[in-house]
Amino acid sequence: MNIQNIETFQIAIPLHTPFKTALRTVTVAESIVVKLTCDNGVVGYGEAPPTHVITGDSLPSINYAITKIFKPQLLGESLRNREQVFEKLYKSAVGNTSAKAAVDMAIYDCIAQQARMPLSEFLGGYSNAIETDYTVSVNSPEEMADDAQRYIHNGFSVLKVKVGKDKIATDIERIKAIRKRIGSNALIRLDANQGWHAKEAVRAIGKMEELGLDIELVEQPVKAYDIEGLKYVTENTETPIMADESVFSAYDAKRVLELGAADLINIKLMKAGGIHEAVRIAKLAHIYGVECMVGSMIETKIGITAAAHFAASQPNVNRYDFDAPLMLAEDLIEGGITYNESDIELGNRTGLGINKVNDRFIVE
Ligand code: MG
């Protein structure tokens with residue numbers, strides 16, 4: 001099974017409501033979709049959204065890396081020697097993790113189809129039960145409490161709240177309003193997206209602890225590069241702290257794990273450069289007894305299907321942040337994962353199980 005062709009398409013799908021974090025506001029989901037065809041007729045899919053403020057990757061850079069750098073390197077390569085293929089992919093350019101992830105997904109889709117297994121089983125087959133959280137976008141406390149209540153009513157039991165963009169007091173008012181409205185049953189996890197300094201984070205999280213807001217975990221309180229600050233926050237709060245933007249690669253994970261700088265790690269295919277590196281991060285964290293979440297960028301169901309199959313394959317992945325496709329006004333693909341409220345079904349088709357990409361969303 002050799003790689004015969006690698007094609008890319010740019011797609012754009014509107015979100016039904018804007019997605020707001022400390023770093024950005026998104027109203028349209030844009031992505032580069034990869035279609036990888038093998039000489040035996042097997043076709044694999046992948047995708048990469050541009051997330052300039054996190055990975056540095058833009059639509060033109062993703063497209064260029066795939067078509068002008070990776071494609072010439074990979075055409076004709078046999079997927080029977082996949083370690084060699086991934087070595088070529090990673091060595092052909094530094095960075096460009098999103099572009100690498102899109103190609104990596106498509107390669108895994110093909111290999112698992114050839115092995116006649118769903119990708120989750122091919123990668124390890126640990127779990128079938130995946131439950132996503134749902135993100136409450138940043139608005140007034142009253143609006144956020146209304147949204148939170150609606151999501152709980154719609155079957156979600158884990159809410160993710162973005163903080164770190166405004167004053168700490170404002171964030172606390174928002175969480176108080178949500179907790180008051182939904183009661184004690186649902187989990188609330190916070191994501192500061194690098195919005196605080198270390199001491200500010202300790203003060204904010206300490207205040208939330210004092211108020212009994214019962215926060216499950218706080219993601220990335222400080223700047224991505226500030227590993228010492230991350231460690232300071234982890235050591236000076238009772239609430240579990242999760243590294244997200246601080247951990248792209250297995251090398252980053254090694255540093256955070258060795259220092260004990262975080263209690264948990266959020267793995268994303270777009271940061272890691274795909275499933276191959278994501279598996280290495282999960283395995284490394286497992287050695288340290290560290291649990292992981294698998295999250296995503298604003299991706300369509302192609303990327304989330306790949307991420308969900310990876311997440312279900314690993315024993316120490318037990319938190320899932322896969323709500324992005326639920327924010328899209330329409331679905332891009334036939335096949336892949338299906339949502340039943342917060343539960344995600346992987347299905348039993350081979351590979352990623354994608355039948356067809358809806359070409360209505362392709363941008364010329
Ligand atoms: Mg995050």
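Ile-66 touches Ile-6, Thr-8, Ile-32, Val-34, Lys-71, Ala-99, Ala-102 and Val-103, with residues up to four places away in sequence not counted; contact means heavy atoms within 4.5 Å. The structure is a predicted model, in which local features need pLDDT of at least 70 and side-chain atom pairs count only at pLDDT 80 or more, while totals for chains, interfaces and linings use all residues. Residues are numbered from 1 along each chain as its sequence is written, and side-chain values use heavy atoms, with hydrogens and water left out.

Ile-66 is listed with Trp-196, Ile-265, Phe-310 and Phe-322 as having the most contacts inside the largest nonpolar core, a set of 124 residues. Helix H3 (residues 97-114) supplies the largest share of this core, 11 residues. At least three residues of the core come from each of domain 1 (3-117) and domain 2 (121-359). A nonpolar core is here a set of buried Ala, Val, Leu, Ile, Met, Phe, Trp, Tyr and Cys residues joined through side-chain atoms within 4.5 Å. Buried means under 20% relative accessible area, exposed over 50%, and partly exposed in between (1.4 Å probe, protein chains only). Helices (H or I, at least four residues) and strands (E, at least two) are DSSP runs, numbered from the N terminus.

The protein is divided into domain 1 and domain 2, with bounds from an automatic or database domain assignment. The C-alpha centres of the two domains lie 22 Å apart. Their contact takes 43 residues from domain 1 and 46 residues from domain 2.

The magnesium ion has Asp-191 (OD), Glu-219 (OE) and Asp-244 (OD) as protein donors, at 2.1 to 2.3 Å. Donors are N, O and S atoms within 2.8 Å of the metal (3.2 Å for Na, K and Ca); water is not among the atoms, so sites may look incomplete. Along the chain the donors follow the spacing D-x27-E-x24-D. Glu-219 in strand S8 (residues 215-219) and Asp-244 in the loop between strand S9 (241-243) and helix H9 (250-259) are 25 residues apart. Glu-219 is buried at a relative accessible area of 0%, and Asp-244 is buried at 1%.

Positive phi values in residues other than glycine occur at Asp-214, near 55°, and at Gln-220, near 35°. Asp-214 is in the loop between helix H7 (198-210) and S8 and counts as exposed at 52% relative accessibility. Gln-220 lies in the loop between S8 and helix H8 (227-235) and is buried, with a relative accessible area of 0%.

On a 1 Å grid over the protein atoms alone, a cavity is a set of points where a 1.4 Å probe fits but cannot get out, and a pocket is an open set with protein on both sides within 12 Å along at least five of seven lines; lining residues have an atom within 4 Å of a point. Grid points are joined across faces, edges and corners, and a volume is the space filled by probe spheres set on the points. The largest pocket has a volume of about 230 Å³. Among its 15 lining residues, Thr-17, Pro-18, Ser-137, Asp-147 and Tyr-151 are the closest to its centre. Strand S1 gives the largest share of this lining, 5 residues.

The largest cavity has a volume of about 180 Å³. Of its 20 lining residues, Phe-19, Lys-162, Lys-268, Ser-296 and Met-297 are the closest to the centre. Phe-19 lies in strand S1 and counts as buried at 8% relative accessibility.
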